[in-house]
Amino acid sequence: MTDATLIQYMKEQMSLVSLKFKRYNYDEIDWNLRLVCLSGPRGVGKSTLVLQHILLTPNEKSLYVSADHSYFMTHSLIQLADDFVKDGGEHLYIDEIHKYDGWSREIKQIYDTHPDLKTFITGSSVLDLLKGETDLSRRMVMTYMYGMSFREYILLTCDIEVPVFSFEDVLSGKANLGEIKHPLPFFRQYLKDGYYPFSKEGAFYTRLEQVIRQTMEVDIPQYARITPATGRKLRQMLNIIAQNAPYKPEANGLASEIHVSRNDIPNYLLYMEQAGMIGQLRDSTGGMRGLGKVEKLYLDNTNLQYALVGEKIDIGNVRETFFYNQTRVRHDVISSRESDFRIGGYTFEVGGKKKGKKQIQDVDNGFVVRDDIEYAAENIIPLWSFGLLY
């Protein structure tokens, strides 16, 4: 019989969740697959998304648990699944699976033993970097969740529904915020504290500092199987990148600064990228684990920049970080020899409202992306409008 404390825990968690705001990927997830893992950085709303789904699909045959619940001090995931299925359970949601040792082996056994049970797990975004004890690649569908877009921020804070605009619509100047005629005040605030859904819960930078510390000193060391001391060195590396971004990666310099082997630097940077702390702009085949050479390192999002750099922040870096952060969700973003970024057959130069066209004057399909302007004009596109892509 399913433990009553777990059922009570689920009800308590569900009571804390609002249905007013759902993340961009809620309707993109196939909730009926046999095994799904939703991964992503800390703080982007994975747990809330799962609980919202349970609320919206009321079913007494569903159970939500967290892998760090005290129940698992004396019970296993396998025991839970067995008892749940015997009670007629059909949908098992396990949050923060990364906090359970040996999770992959037990999830595989659950999958193989209970063919009618649908299992949905959430976990740290560094999970798929590891070669676990059991290969789940043929069984589990992985989906990644990013932080909030500028469009989502408007919905969360202003309760204004803005449609998702296509890339072509943005480039043609069609993107708009509907009844909001002057987007720049909202955009400037988003850059500071709009990427994480907990931004409206108070003490934002204190919460964000906790996310950074836990990610760098706990999550990455645990899943990459490195020591906590090395995790603190990675935190030091993050601060170096923050102070110098966009940072041209130089393994010898970074290795010397934090006293590690230069051969380990690429792996460390990959861990940090997958964990949602940095972004790596490559010269081809963009995205995580891209095959191209890394040309620039950014912090993952502008909120991290304001948290780590503060008043010394470089606005030019903020602009580039926002553009890269928002466009990478739906598109393959790579570096440009002539300008800042390339996406497909388009080239982009990012700057302030006085940014000229010199860098793109001889480039086909070149665009200037300007901050501090409200509307598009020919091939000059407002920076904020790229926040409406998802």
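Where is the place of Lys-248? In this predicted model, look in the loop that runs between helix H9 (228–244) and helix H10 (251–258).

Let's stay with that lysine for a moment. Lys-248 is partly exposed, because its relative accessible area is 45%, and partly exposed covers the range between the 20% limit for buried and the 50% limit for exposed. Setting aside neighbours within four places in sequence, Lys-248 touches Lys-293, Val-294 and Glu-295. With Glu-295 there is also a polar contact between the side chains, at 2.7 Å. Leu-281 sits 33 residues from Lys-248 in sequence, and their C-alpha atoms are 9.8 Å apart in space.

Now over to strand E1, which spans residues 35–40. Six of its six residues are buried, so the strand is largely enclosed by the rest of the structure. Its residues point two ways: Leu-35, Cys-37 and Ser-39 go to one side, while Val-36, Leu-38 and Gly-40 go to the other. Whichever way they point, all of them are buried.

And what does E1 pair with? Strands E4 and E5 both run parallel to E1, and here is how those pairings look:

| E4 | 118–124 | six | Ser-39 and Gly-123 |

Technical notes. Residues are numbered from 1 along each chain as its sequence is written. This is a predicted model: local features need pLDDT of at least 70, side-chain atom pairs count only at pLDDT 80 or more; totals for chains, interfaces and linings use all residues. Side-chain values use heavy atoms; hydrogens and water are left out. Helices (H or I, at least four residues) and strands (E, at least two) are DSSP runs, numbered from the N terminus. Buried means under 20% relative accessible area, exposed over 50%, partly exposed in between (1.4 Å probe, protein chains only). Contact means heavy atoms within 4.5 Å. A polar contact is a pair of N or O atoms within 3.5 Å; within protein, one must be able to donate a hydrogen and the other to accept it, and residues adjacent in sequence count only if both atoms are side-chain atoms. Two strands pair if DSSP finds at least two bridges between them.
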